[in-house]
Amino acid sequence: MSASRDALIAEIRATGTLRGLPTGHFIDGDHVAGLSGRMLDSFDPGRGAVFARFAAGDAADVDRAVASARAALAGPWRDMAPAERGRILMKAAELVRRDAARLAVVESLDAGKRLSEAEGDIRSVARTFEYYAGCCDKLQGASLPLGRDYVGFTVDEPVGVAAQVIPWNYPISTAARGIAPALAAGCAVVAKPAETTPFSALLLAELLAEAGLPAGVFNVVTGLGREAGAALVAHPGVDHVTFTGSVPTGIAVMQAAAVNVTRVVLELGGKSPLVVLADADLDAAASGVLGAIFENAGQICSAGSRLVVERSIAAEFIARLARAAEALSLGHGLDNPDVGPVNSAAHLDRIAAHVERARANGNIIHAGGRIADAASHGGGWFYRPTIIEAASPADPIVQEEVFGPVLAVQVVDDLDAAIAVANATEFALAAGIYTADLTKAYRFARDVDAGQVYINEYFAGGIEVPFGGNRKSGFGREKGIDAVKSYCKVKSIVARI
Ligand code: NAD
């Protein structure tokens with residue numbers, strides 16, 4: 001179904017919702033009602049109001065979805081040539097592009113994000129399916145050098161049923177970056193989207209079915225994390241779990257998976273440092289820092305949420321950022337403001353509590369530092385873009401992830417001090433540096449503990465670039481070829497001849 005963006009927005013403005021949103025799970029190739037009949041509300045974060053309802057899945061729905069995925073592994077999917085799998089994924093990319101307007105509007109409404117960002121996410125989803133479409137027939141094992149009397153080789157087999165537990169900040173792009181490589185490897189998938197953003201995974205399921213994916217290969221169960229999510233990651237019929245979310249939930253997921261010795265990839269939180277040295281192009285650095293923390297209202301695991309700035313430029317650079325932050329407009333995602341709402345009322349309270357503690361601890365608030373007046377923003381959940389100069393490297397505003405539009409600033413004397421500060425939290429997801437000196441940039445890249453390092457452009461790269469964290473930020477890599485490998489199990493075969 002393809003509809004124009006303006007017609008969809010007009011429908012939402014007139015009715016507060018959209019027609020045709022799925023209300024059940026997607027199991028065995030079709031939408032199905034939840035077994036318990038219980039439903040949950042989905043909110044429009046820009047208005048703080050319910051716009052749709054969806055099924056509250058539980059262990060019984062998860063059983064059904066996992067059984068459907070297991071059965072699909074033994075069906076036509078198993079016997080399909082890898083090139084044919086690739087054609088299905090390529091077709092999915094085409095269908096995502098066809099329905100881009102609807103997908104972006106639903107994502108903006110459900111997650112709260114700016115429509116232009118949601119449109120970018122949908123382009124990245126199409127690109128993700130396209131990229132992994134090309135991988136299906138290029139998964140190659142190795143030949144093993146055992147001498148003349150043996151033939152030895154390895155085969156990359158699909159790991160089996162892969163569970164995807166998806167967060168609310170990038171619902172459709174996180175779903176796609178897990179689903180596409182899993183399907184490329186020949187796995188079947190059961191996805192559990194976050195309870196505040198259930199719809200885009202369901203729409204993706206429709207498109208994959210239309211693209212020719214056999215029934216049961218991709219299933220979606222919606223519902224609460226502690227019900228549907230917990231049942232999925234503990235299910236003995238699941239062979240692999242990719243979890244993207246918070247550290248405490250990641251620990252619980254790993255513990256639940258351990259009971260069945262299920263493989264896990266954990267993409268957890270971050271407090272990523274972005275270093276700006278005095279010799280940097282300060283125009284590029286300022287816009288890079290603002291984008292790194294205020295895009296998606298700061299709800300990005302790899303957000304550049306700590307600015308580490310060289311002392312000689314610090315005062316002027318912080319003042320410049322503060323002026324720019326104060327000038328940013330807030331508004332409903334569909335109105336494309338500079339910064340949209342945060343995803344839920346509970347999350348708004350969490351962000352506010354982080355900042356109030358920072359204020360009480362004597363940190364200097366250079367911009368923002370407050371909840372935006374709801375009435376003047378349509379009743380939604382908005383936090384003013386905030387910049388806080390840290391009083392101490394041990395302060396929680398430096399050490400803890402806020403996951404909102406809140407930048408912590410640390411001032412340092414030189415590159416060595418910047419590296420020491422960059423590495424001094426328990427997270428190690430991303431890191432960035434702005435400098436004109438490539439030697440300094442590469443020294444930073446060598447010495448910083450992070451899964452990805454950005455030089456002179458924060459968030460540079462695309463689906464080709466492996467992504468993941470170290471330490472409390474998790475382990476395993478998504479994106480790139482590495483992601484497909486994580487959905488494979490290597491079998492070695494040796495013959496005496
Ligand atoms: P969360 O951990 O509360 O929820 C994430 C997902 O897990 C949701 O789908 C939720 O329903 C589910 N869940 C909750 N409890 C569960 C349980 N016991 N068993 C199984 N599933 C369960 O996290 P959140 O608040 O939704 O997301 C924000 C966090 O996610 C932040 O800390 C952020 O840094 C992190 N995140 C990381 C990445 C990454 O790629 N590293 C990307 C996005 C978000």
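Reader: Which atom of the ligand comes 3.3 Å from a polar backbone atom of G225?
Author: This is a predicted model, where local features need pLDDT of at least 70, side-chain atom pairs count only at pLDDT 80 or more, and totals for chains, interfaces and linings use all residues. Residues are numbered from 1 along each chain as its sequence is written, and side-chain values use heavy atoms, with hydrogens and water left out. A polar contact here is a pair of N or O atoms within 3.5 Å; within protein, one must be able to donate a hydrogen and the other to accept it, and residues adjacent in sequence count only if both atoms are side-chain atoms. On the ligand's side of this G225 pair sits an oxygen atom.

Reader: How far is a polar side-chain atom of E195 from an oxygen atom of the ligand?
Author: E401 puts a side-chain N or O atom 2.6 Å from a ligand oxygen. For E195, the polar atom is also in the side chain, and the distance to a ligand oxygen is 2.5 Å.

Reader: How much of the ligand's accessible area does the protein cover?
Author: Accessible areas come from the Shrake-Rupley method with a 1.4 Å probe; for residues, only the protein chains shown count as cover. On its own, the ligand has 850 Å² of accessible area, and the protein covers 88%.

Reader: Which helix gives the largest share of the lining of the largest pocket?
Author: On a 1 Å grid over the protein atoms alone, a pocket is an open set of points with protein on both sides within 12 Å along at least five of seven lines, a cavity is a set where a 1.4 Å probe fits but cannot get out, and lining residues have an atom within 4 Å of a point. Helices (H or I, at least four residues) and strands (E, at least two) are DSSP runs, numbered from the N terminus. Elements that each supply at least two lining residues include β10 (240-244) and α13 (345-360). The largest share, six residues, comes from α10.

Reader: What is the volume of the largest pocket?
Author: Grid points are joined across faces, edges and corners, and a volume is the space filled by probe spheres set on the points. Counted that way, the largest pocket comes to about 1000 Å³.

Reader: Which residues line the second largest pocket closest to its centre?
Author: This pocket has a volume of about 780 Å³. Its lining has 31 residues, and the closest to the centre are S124, Y170, S173, R177 and K479.

Reader: What is the volume of the largest cavity?
Author: There are four cavities of 30 Å³ or more. The largest cavity is lined by 13 residues, E401 among those nearest its centre. Its volume is about 60 Å³.
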